Amino acid sequence: MNKKTLFITQAAMIAAIYVVLTICVNALGLASGVIQVRLSEALCILPIFTPAAIPGLFVGCLLSNISAGCVIYDVIFGSLATLIGACGTYLLRKTRFVFTLPPVLANSIIVPLILRYAYGVEDAIWFLMVTVGIGELISVCVVGMILKAALYKQRNYIFRQGN
């Protein structure tokens, strides 16, 4: 299979999975707001397996935020937070656990600012950083590491690079 076609296909599949997971979790009221555990963020560990995850996560977050009816600042900056986190994960992919931290940090810094200035949430910024950070820790560091363990043995088959 052509490498470019495989890359686009992998990115599209990751984006689709991100959207579906976000919609499902949003139905439970956990994908947005002051307290959020966006389980789709567990996919932010995928750049350790393939660089195609970077655009896939960005597009998935962008589409999720649009479909959830988020304000334009959330669509733009929330998606950029996921993009920054995915790039950081890719750059730190050879570390043992540290690769999980970029999505947690990016979202813990950017999302509280979105909540405050785009949605008018009046909680203290530090409190929003803590609540968003805890949700990201659960999604990326706990669920993401479980996902990594589940995918690791099949990584060369699932995330093959093409011919």
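A residue counts as buried when its relative accessible area is under 20%. By this cut-off, in this predicted model, the buried residues of helix 2 are Ala53, Ile54, Gly56, Leu57, Gly60, Cys61, Ser64 and Asn65. Viewed down the axis of helix 2, these residues fall within an arc of 165°, so they line one face of the helix. The opposite face, turned away from the buried side, carries the exposed residues Ile66 and Ser67.

Helix 2 comprises 15 residues, 53-67. At 1.5 Å a residue, helix 2 should span 21 Å. Its end C-alpha atoms lie 20 Å apart, in agreement with that expectation. Glycine 69 follows the helix. The phi of this glycine is positive, near 75°.

The cover over the buried residues of helix 2 includes helix 1 (3-27) and helix 3 (72-91). The axes of helix 2 and helix 3 come within 8 Å. They cross at roughly 160°. An angle over 145 degrees counts as roughly antiparallel, and helix 2 and helix 3 are therefore roughly antiparallel to each other. Their crossing is right-handed.

Contacts between the two helices involve named residues on both sides. Helix 2 contributes Ile54, Leu57, Phe58, Cys61, Leu62, Asn65 and Ile66. These meet Asp74, Val75, Gly78, Ser79, Leu80, Thr82, Leu83, Ala86, Cys87 and Tyr90 in helix 3.

How values were computed:
Residues numbered from 1 in each chain as written. Predicted model: local features only at pLDDT ≥ 70, side-chain atom pairs only at ≥ 80, totals over all residues. Heavy atoms only, no water. Helix = DSSP H or I, 4+ residues; strand = E, 2+ residues; numbered from the N terminus. Expected span 1.5 Å × (residues − 1). Buried < 20%, exposed > 50% of the residue type's maximum accessible area, 1.4 Å probe, protein only. Arc of directions from axis to C-beta. Contact = heavy atoms within 4.5 Å. Axes fitted to C-alpha atoms, helices over the stretch in contact; angles between N-to-C directions. Parallel < 35°, antiparallel > 145°, perpendicular 65-115°, else oblique. Left-handed = near helix turned anticlockwise from the far one by under 90°.
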